Amino acid sequence: MSQDLFEAARDAMALCHAPYSKFPVGAAIRAEDGAIYAGANIEVLSFPEGWCAETTAIGHMIMAGARRIREVAVIAEKLELCPPCGGCRQRLAEFADPDTLIHLCDAQGVKQTLRMDELLPFGFKTEVIG
Ligand code: THU
C-alpha cells in the first residue's frame, strides 16, 4: 500500500538538482484527493537558498489544489534513513494530522514508519495568525 509512495519518492530522487551537496533526496506525499505528489531537493549556487525534497512535494500538492497530507515517504541515496529536517517537519505538520504516517525508505522500500507527532512533538501552532 505504501509501495507506490516509496516508488514515487525513489523515482523523484532521480530528478534532484543537487550539484553542490551531491546528496539526492526524494519525497512523495499521498494527499486527501488520493493522488501522489513527489519532489526532489533543488539546490542553487547561493547555498542557503536551495530547498528540500519534501518542500518540492508540498509545492506540487498545493498547486494541484490539494491541502491535506495523508501519508509521506522520504528517501536519500546516501543515507540509510533520511528523517525530514526540522524546517520540513514544520511544513509537513501544517498540512498533516498528528497521526499522519511518515515512511523512511532505503533503496529496497519502507524501513521505518513514524507518526507526524513523533517527528515533531510540540511544534509551532497558533490561532492568532490566520
Ligand atoms: N535535504 C532534503 O531534501 N530533505 C531533508 O529532509 C534533508 C536534507 C536536502 C537538502 C540539500 O539539498 C541536501 O539534502 C543536503 O543537505
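1. How far is an oxygen atom of the ligand from an N or O atom in the side chain of E43? The separation is 2.5 Å, which falls under the heading of a polar contact (a pair of N or O atoms within 3.5 Å; within protein, one must be able to donate a hydrogen and the other to accept it, and residues adjacent in sequence count only if both atoms are side-chain atoms).

2. On the basis of the note: this is a predicted model, in which local features need pLDDT of at least 70 and side-chain atom pairs count only at pLDDT 80 or more, while totals for chains, interfaces and linings use all residues. Residues are numbered from 1 along each chain as its sequence is written, and side-chain values use heavy atoms, with hydrogens and water left out.

3. Around the ligand (a heavy atom within 4 Å of it) are S21, F23, V25, N41, E43, C52, A53, E54, P83, P84 and C85. The side chain of N41 places an N or O atom 2.9 Å from a ligand oxygen, and a backbone N or O atom of A53 is 2.8 Å from an oxygen atom of the ligand.

4. The UniProt record, an unreviewed entry, lists C52, C85 and C88 under "binding site"; its positions are given in the numbering used here, feature names are shortened, and annotations may be inferred rather than shown by experiment. These residues are spread over 37 residues of sequence, yet they cluster in space, with a largest C-alpha distance of 8.4 Å.

5. C52 lies in the loop between β2 (36–40) and α2 (53–63), where helices (H or I, at least four residues) and strands (E, at least two) are DSSP runs numbered from the N terminus. With a relative accessible area of 26%, C52 is partly exposed (buried means under 20%, exposed over 50%, partly exposed in between, with a 1.4 Å probe and protein chains only). Setting aside neighbours within four places in sequence, C52 is in contact with A40, N41, C85 and C88, contact meaning heavy atoms within 4.5 Å.

6. C85 sits in the loop between β3 (69–76) and α3 (86–95) and, at 35% relative accessibility, is likewise partly exposed. With neighbours within four places in sequence again left out, the contacts of C85 are C52 and E54.

7. Helix α2 has as its buried residues A53, E54, T56, A57, I58 and M61, and what covers them includes β1, β2, β3 and α3. Just after the helix, G65 takes a positive phi of about 100°.

8. T56, in helix α2, is buried at a relative accessible area of 13%. Its side chain reaches the backbone oxygen of A40 at 2.7 Å and makes a polar contact with the side chain of W51 at 3.1 Å. Not counting residues up to four places away in sequence, T56 touches A38, G39, A40, I42 and W51.

9. The structure holds 1 aromatic pair (rings of Phe, Tyr and Trp, the last by its six-membered ring, with centres within 6.5 Å; planes under 30 degrees apart count as stacked, over 60 as edge-to-face and the rest as tilted). The ring centres of Y20 and F47 are 5.3 Å apart and their planes stand at 50°, so the pair is tilted. Y20 lies in the loop between α1 (3–13) and β1 (25–31) and F47 in the loop between β2 and α2, so that the pair links parts of the chain 27 residues apart. Y20 is partly exposed at 40% relative accessibility, whereas F47 is exposed at 58%.
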